[in-house]
Amino acid sequence: MFGFNVFPEIPRPFNTQYKCFSVSMFPGNEREDVERGGKIIMPPSALDTLTRLNIVYPMLFKLSNKKTNRITHCGVLEFVADEGKVYLPYWMMHNLLLQEGDLINIECVSLPVARYARFQPQSEDFLDITNPKAVLENGLRSFACLTTGDIIAIRYNARIYEMCVLETKPGSAVSIIECDMNVEFAPPVGYKEPEKPVTNEENVVNPVDLMPEPTGFVAFKGQGNRLDGKKKKESVHTEAPLDKPVYIRGIPDYNHKIGTLKFLRHVKPVNNEQAKDQDEFKAFTGEGFSLRKTKK
């Protein structure tokens with residue numbers, strides 16, 4: 001009634017087609033910032049149209065290849081492309097199965113803010129990175145959104161690491177601009193968990209059995225002989241003799257208990273009858289003598 005619009009304006013859709021080219025075809029200097037991110041370069045006429053359509057910011061777009069029914073989502077970096085052309089990163093053209101000069105459909109969309117995403121590295125070399133989450137976070141700063149099923153490219157230390165977006169929440173396509181997103185990694189393609197050796201108690205091998213038998217000189221292995229030529233008398237002892245352990249140089253005692261000391265000696269048995277026949281020694285029982293002669 002008074003010239004005011006009571007009803008809010010409904011955003012009108014932006015849906016048009018362009019010829020797509022890779023960033024390497026962009027005239028001028030090489031644009032590495034576009035190649036390692038998830039944003040495209042559009043013509044100035046697209047900006048004029050978008051500002052008159054009352055769209056929702058940030059500007060996010062749905063890219064579609066009508067021939068293969070492949071879709072992805074992206075943001076926009078600049079509006080400096082030639083009219084009728086858009087320039088995409090190579091990984092994005094690879095996902096959409098596009099060739100240089102093919103037609104691509106671009107539609108302005110609104111995506112929910114991301115809460116969760118799970119990635120799968122396409123190479124085991126990604127495991128060599130010390131802090132993979134920090135590397136991924138730094139690489140995603142050049143992206144505006146993620147689409148489930150895309151294989152994105154992350155640049156780190158002059159190398160390109162490809163990551164497959166396995167899952168995103170709360171939708172299959174999410175916006176990652178100013179969001180708090182939980183990130184998880186799936187095992188890389190071709191990675192196998194190391195198998196743990198299965199031990200069978202029946203087939204346990206004693207480490208002593210694996211040692212080679214001693215060869216050459218072995219100390220104290222011979223027999224003792226008397227100097228007078230007589231044979232050594234066999235001791236008569238009712239108790240079982242102590243078994244002297246066989247010592248092999250280089251093999252430790254695996255049955256040793258910490259805190260104990262073992263002194264293994266070959267104890268000679270004592271004949272009690274011979275001990276009784278011998279006279280017992282008594283101190284100071286001898287006779288005294290004087291060196292000085294007595295005078296008569």
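User: Which residues have the most contacts inside the largest nonpolar core?

Analyst: They are Met42 and Phe61, in a core of 45 residues. A nonpolar core here is a set of buried Ala, Val, Leu, Ile, Met, Phe, Trp, Tyr and Cys residues joined through side-chain atoms within 4.5 Å. Helix α3 (residues 90-96) gives this core its largest share, four residues. Please note that this is a predicted model: local features need pLDDT of at least 70, side-chain atom pairs count only at pLDDT 80 or more, and totals for chains, interfaces and linings use all residues. Residues are numbered from 1 along each chain as its sequence is written, and side-chain values use heavy atoms, with hydrogens and water left out.

User: What does Met42 touch?

Analyst: Not counting residues up to four places away in sequence, its contacts (heavy atoms within 4.5 Å) include Phe14, Tyr18, Phe61, Val76 and Ile106. Another core, of seven residues, lies apart from the largest one, and Phe21, Val34, Ile41 and Tyr87 are among its members.

User: Now the sheet with β10. What is the strand order?

Analyst: The order is β9-β10-β7-β12, an open sheet of four strands with mixed pairing. Strands are DSSP runs of E of at least two residues, helices runs of H or I of at least four, both numbered from the N terminus; two strands pair if DSSP finds at least two bridges between them.

User: How many bridges join β7 to β10?

Analyst: Six, and the two strands run antiparallel. Tyr116 stands opposite Lys169 in β10.

User: Is Thr168 buried or exposed?

Analyst: Thr168 counts as buried because its relative accessibility is 7%; buried means under 20% relative accessible area, exposed over 50%, and partly exposed in between (1.4 Å probe, protein chains only). Thr168 belongs to strand β10 (residues 159-169), and its contacts include Tyr116, Leu146 and Val174.

User: Which backbone oxygens lie by a polar atom of its side chain?

Analyst: That of Gly171 lies 2.5 Å away from a polar atom of the Thr168 side chain, and that of Ser172 3.3 Å away.

User: How many disulfides are there?

Analyst: The count is zero, a disulfide being a pair of cysteine sulfur atoms within 2.5 Å. Cys20 is buried, as its relative accessible area is 0%, whereas Cys179 is partly exposed at 28%.

Notes: A polar contact is a pair of N or O atoms within 3.5 Å; within protein, one must be able to donate a hydrogen and the other to accept it, and residues adjacent in sequence count only if both atoms are side-chain atoms.
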